[in-house]
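Subject: Structure handover

Hi,

Here is the structure for you to look through. Please open it next to this email and follow along.

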Amino acid sequence: MKAHSAAERAPRTYLAVLSALLVLTVITVVAAGVHFGSAFVNVVIALTIASAKASLVALYFMHLRHERPINAIIFVVGLAMLGIFLMLCFLDTLAREPVEPGLTAQLADWAVRISSRILSAS
Amino acid sequence: MSRLRELLMPAAASTVARDVDSLFYFLLGLSAFFFLLIAALTAWFVIRYRQGSRVRRGAAPTHNTALELLWSLIPLALVIVIFFWGFHGYISAAVPPADALEIKVVAKKWLWQFEYPNGLRTVNEIRVPVGKPVKLVMISEDVIHSFYVPSFRIKQDVLPSRYTQLWFEVTEPGAHRILCTEYCGRGHSDMLGVIHAVSDEEYRSWLESGGGLGEGMPLVEFGRLLYTRYGCEVCHSLDGSRLEGPSFKGIFGKPVRLSDGRTVTADEDYLRRSILQPQTEVVAGYQPVMPTFQGLLGEREINALIEFIKEQK
Amino acid sequence: MTGANYLTETRGLRSWLFTLDHKRIGVMYLWSTLLAFFLGGVLAMLIRLELITPQKTLMDADTYNKVFTLHGAVMIFLFIIPSIPAALGNFVLPLLLGAKDVAFPRLNLASYYLYVAGAIMALASLVTGGIDTGWTFYTPYSTSTGGAVNLVTLAVFVLGFSSIFTGINFIATTHKLRAPGMNWFRMPLFVWGMYATAIIQILATPVLGITVLLLFLERVFGVGIFDPKLGGDPVLFQHFFWFYSHPAVYIMILPGMAIISEVIPVFSQRPIFGYRAIAFSSVAIAGVSFLVWGHHMFVSGQSVLASAIFSFLTFLVAIPSAVKVFNWVATMYKGSIRLQAPMIYAITFLLLFAIGGLTGLFLGSLATDVHLHDTYFVVAHFHYVMMGGTFIAFLAGLHYWWPKMFGRMYSETAARVAAALVFIGFNATFLSQFVLGSRGMPRRYYNYLPEFQALHVLSTVGSWVLALGLLIVAGYLLASLRRKPEAPPNPWGGMTLEWQTTSPPPTHNFLEQPVVDRGPYDFPPLETEEETVARSA
Amino acid sequence: MSTPQATAESQAHAPFLQHHFHEPVQQAEAAKIGMWLFLVTEILLFGGLFTGYGILRMLHPDAFHHGHTYLDRWLGALNTVVLLVSSFTMAMAVHSARTGERKRLVRFLLATLALAAVFLGVKYVEYSHKFHEGLLPGRFYSHKGDPVPGVHMFFSLYFVMTGLHGLHVVAGMVTIGWLLRRALRGHFSPAYYNPVEIAGLYWHLVDMIWIYLFPLLYLIS
């Protein structure tokens with residue numbers, strides 16, 4: 001399997017990945033102190049840093065990079081389902097105000113209200 | 001045809017009900033057509049191509065892209081039409097007109113409590129003018145209930161965490177039944193109410209007269225009406241059997257042991273205190289779950305109930 | 001077939017309780033799930049008896065609430081979710097793939113014991129106060145009522161893992177243990193169905209696990225996520241619950257469809273029509289089933305926008321099911337159809353599932369769902385899809401693989417009588433409930449309005465006929481076990497691998513590893529009209 | 001897939017090859033598919049909790065913000081570093097198992113076990129601080145003097161999420177202990193190191209969940 005050919009340089013790769021993870025941890029702690037516009041933007045930044053760390057762990061420590069793609073597909077499908085659950089639950093909680101008459105007015109109103117609520121939320 | 005409509009659905013009695021019915025019958029026709037199509041094809045194939053029948057078989061196709069596309073796109077088009085029809089009906093039912101008469105609804109374990117803008121409060125029964133929009137703003141005091149009026153084709157869960165709303169405009173005068181459709185325990189099937197749709201004048205005069213429930217009725221008989229209408233019967237039986245609360249049979253004047261160990265005689269004062277502050281003196285062996293009727297029952301109603309309980313020998 | 005087979009090779013209770021053979025685990029699952037079905041059926045009969053009169057008939061409100069809750073919980077968690085995948089699937093999947101066993105035999109046995117543990121915990125609730133919350137455990141009622149809700153929530157948590165382990169096993173087996181030469185499009189459609197079901201079992205069941213865990217923590221520690229008095233949101237519980245429970249109804253129906261895709265081609269002696277369409281629609285249903293859960297919550301205080309999105313997606317998931325039904329009917333065209341027991345049940349499935357699916361349109365479109373939600377229309381709809389669909393398909397599968405599982409045939413005439421009774425009884429019981437629902441009779445009602453009594457009596461009588469039919473089925477199947485095992489290896493003329501080994505098969509399934517070089521439904525070409533005439537002249 | 005003869009030969013000398021697999025690589029890949037599927041169920045289990053957290057944080061933003069001030073950001077960061085390093089040592093353990101260096105495998109497994117113990121130690125310190133302050137979940141919340149209502153909701157979620165994660169760390173430690181026993185018995189070799197690899201996958205997932213828990217619970221701005 002391809003993984004064996006990369007065997008010798010593995011320890012160095014793992015060390016590099018570990019140091020990257022530690023650096024990212026420092027960044028996320030520092031970033032939490034800085035106020036970027038609204039709280040929502042801070043959450044997005046924190047989650048992107050965390051996702052970067054998570055994908056490093058998944059690709060290198062968990063060998064997703066150089067193994068049969070079925071494992072990566074399973075992992076990604078799992079995350080996709082979680083994303084669907086998160087997205088639709090949030091969407092429902094955000095759009096609960098009473099509605100306007102008329103279909104087009106309604107859809108336009110939703111778009112405006114949800115985007116404004118997201119930007120100002122949490 | 002109208003006899004079939006009577007069989008399948010209660011008579012439509014609100015503006016919204018008409019489009020819900022037309023969509024319902026369209027779907028009924030569509031389903032009947034597809035079901036008969038499948039059943040007929042299956043029956044025909046099973047009989048014509050049964051084993052040993054002498055009929056041309058030859059090489060039948062194992063797939064046919066055109067046919068498969070056809071029977072995917074036609075259902076897709078049909079369901080999209082159904083979606084928009086349903087969505088349109090749902091939106092128009094979800095948006096109450098601005099000038100609607102607003103009635104506050106409180107759902108609690110096993111009764112509906114209504115309050116009109118002028119402060120009139122009734123239980124399990126409201127009177128509304130025909131032809132005018134009525135908006136219900138609803139909340140629950142304990143678990144999730146659901147306000148359902150079959151003849152108006154409307155339903156909305158009543159949540160304990162926040163207000164939900166519902167509106168209707170009655171077209172047919174008469175009595176329309178209210179039911180609870182979200183399971184809420186023992187009395188779920190007893191949470192029945194009624195909406196009396198009356199003419200404008202009758203509604204206005206009823207409103208001024210403060211509800212006019214039990215006018216000119218002897219006290220005991222009025223007490224019996226309140227016993228059923230206000231949901232006492234769900235928890236207090238008349239035949240001595242133990243329900244959520246103690247039975248009324250033969251309790252008047254008897255000594256009653258309370259949960260805190262004291263013993264009191266069940267006289268008019270005790271009964272009156274138990275109606276207005278039920279949690280203070282709970283009979284031993286029962287849970288303090290009785291809701292208070294403070295502000296819901298006038299003096300005449302309380303006297304009528306006490307007289308009715310006295311009669312239960 | 002005399003000689004040693006998986007039933008006779010080793011004997012004694014220990015050889016069964018600690019077996020790693022997928023066939024024995026399948027058989028143990030079969031008897032356990034059928035026992036659960038019997039209990040669920042008795043509870044159903046009690047419900048129908050109580051509903052003969054509008055007021056109290058033989059039990060009071062609390063007992064009735066506990067009976068219908070247990071009926072729902074037992075039928076769903078203890079019968080319909082494990083029955084086809086774990087009982088028939090465990091037995092047949094390795095045989096269909098030409099493998100010796102599932103990928104993780106020990107995990108398979110662990111799955112069975114988790115099922116038994118969960119079943120014992122759930123049924124223990126009978127003696128410790130019972131639960132009266134409905135199988136949906138909606139908060140805040142489920143967090144404020146007494147009874148054994150804690151015990152049952154833990155039981156559901158345990159049963160969830162049993163389902164997950166089965167799912168893990170099937171996906172790994174399908175990927176890694178296919179016979180040489182069997183690429184993905186030479187796999188029988190039953191395997192595609194099980195694969196799609198396994199995907200849902202793995203992706204949906206964990207969310208049920210966290211839901212019941214949070215419910216348990218809410219009752220014990222007052223965590224407050226779903227409790228409005230502590231700031232939580234009860235509608236959030238409904239989102240959590242239905243994110244699992246709607247895909248769960250596809251965990252129930254996909255195996256049923258998988259069986260039908262095996263039975264109809266064999267009894268029409270014709271390749272399935274649109275193999276790829278059916279295979280891909282199974283996986284498509286598995287995927288889209290995760291997008292539609294909100295159609296259970298149109299009137300529950302969910303936002304209008306979310307309701308609109310869920311309603312639209314619900315209609316998309318209806319298309320693959322419809323396509324499958326058309327494909328099955330097309331398979332019978334120009335076939336040589338034999339109406340033996342499995343085929344009778346397969347055709348019953350086609351008719352009843354068609355009604356179930358079409359009535360789903362009424363509940364999927366927003367305007368009509370407002371009127372029909374939580375009424376007997378919904379009760380009738382899901383019984384048509386679950387019992388008329390999955391259970392009837394389970395019977396088709398049971399009759400189809402019975403000779404292979406136990407090496408005995410059963411009496412065809414008894415099977416026909418029973419099937420007729422089941423069909424008549426089922427329709428009498430549940431067609432009347434559609435009308436009850438559209439006339440506004442809410443579900444889970446102990447007392448009901450006198451005007452509904454006639455339909456309820458019809459429904460109750462129908463349930464007696466249905467029960468009689470099912471008892472006859474149990475009768476002749478059990479009777480067949482007393483006969484000598486003389487079933488031929490291939491009684492129905494099937495082309496899939498399980499018919500290439502003996503009935504019942506040896507412990508290692510195949511004497512030598514089968515190699516596959518053509519599709520699962522390559523039947524010999526049927527005689528044209530001229531050949532039939534020439535043959536009979 | 002190999003022919004039946006090859007199966008017989010490979011079965012002869014391949015250690016721990018189960019009867020229904022033809023060769024070790026097939027068994028190893030099946031094990032990994034099974035493990036990844038189990039990891040997806042763990043992701044969705046915690047995913048449900050993260051969804052609940054997200055929605056309730058949106059419903060009570062100030063309560064969550066105030067709640068997180070009671071958490072010690074530095075202990076959280078320390079725990080993150082501890083788990084990241086333990087992920088590294090676990091990866092090295094898998095690597096040593098693959099290359100057959102038994103002594104290094106044992107040492108790295110011990111290092112991972114030790115780091116896990118440190119993690120639980122830090123959690124114990126944090127929990128005792130919370131118990132002492134009365135910052136307990138839901139009904140048991142007895143802390144006074146909060147400017148904002150609903151802070152108990154934050155601690156309900158804090159205890160459920162970190163508690164469930166802690167349980168998974170303990171389960172990971174038990175698994176690594178079992179691996180140590182088998183490693184010391186010399187079960188693992190370049191031809192058979194499946195258990196180490198899939199235990200490693202599980203441990204990395206436990207670390208990944210903490211990677212998300214740390215910013216969401218400790219770093220609310």
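Below are some notes on how to read it, then the findings for each chain.

The model is predicted, so local features need pLDDT of at least 70 and side-chain atom pairs count only at pLDDT 80 or more, while totals for chains, interfaces and linings use all residues. Residues are numbered from 1 along each chain as its sequence is written, chains are lettered from A and ligands numbered from 1 in the order written, and side-chain values use heavy atoms, without hydrogens and water.

**Chain A**

Chain A has five helices and zero strands. Helices (H or I, at least four residues) and strands (E, at least two) are DSSP runs, numbered from the N terminus. Of the 122 residues in chain A, 44% are buried. Buried means under 20% relative accessible area, exposed over 50%, and partly exposed in between (1.4 Å probe, protein chains only).

Look at helix α2 (residues 10-33) and helix α3 (residues 39-61) of chain A. They pack at about 170 degrees, with axes 10 Å apart. Axes are lines fitted to C-alpha atoms, for helices over the stretch in contact, and angles run from 0 to 180 degrees between N-to-C directions. So α2(A) and α3(A) are roughly antiparallel. The cut-offs are: under 35 degrees roughly parallel, over 145 roughly antiparallel, 65 to 115 roughly perpendicular, the rest oblique.

Contact means heavy atoms within 4.5 Å. Residues of α2(A) in this contact include A:L18, A:L21 and A:L24. On the α3(A) side, A:I45, A:I49 and A:L56 are among them. By class, the contact has 17 nonpolar, four polar and one charged residues. Ala, Val, Leu, Ile, Met, Phe, Trp, Tyr, Cys and Pro count as nonpolar, Asp, Glu, Lys and Arg as charged, and the others, Gly among them, as polar.

**Chain B**

Five strands of chain B form an open sheet, in the order β4-β10-β9-β6-β7, with mixed pairing. Two strands pair if DSSP finds at least two bridges between them. The edge strands are β4 (125-129) and β7 (154-158), each pairing on one side only. From one strand to the next, the twist averages 20 degrees. Strand β6 (residues 145-149) runs antiparallel to β7(B), and five bridges join them. One to find: B:S146 has B:D157 as its bridge partner.

**Cysteines**

The count of disulfides over all chains is zero. A disulfide is a pair of cysteine sulfur atoms within 2.5 Å. The sulfur of B:C235 is 8.7 Å from the closest cysteine sulfur, in B:C232, too far for a bond. B:C235 counts as buried, at 19% relative accessibility. A:C89 is buried too, at 0%.

Best wishes
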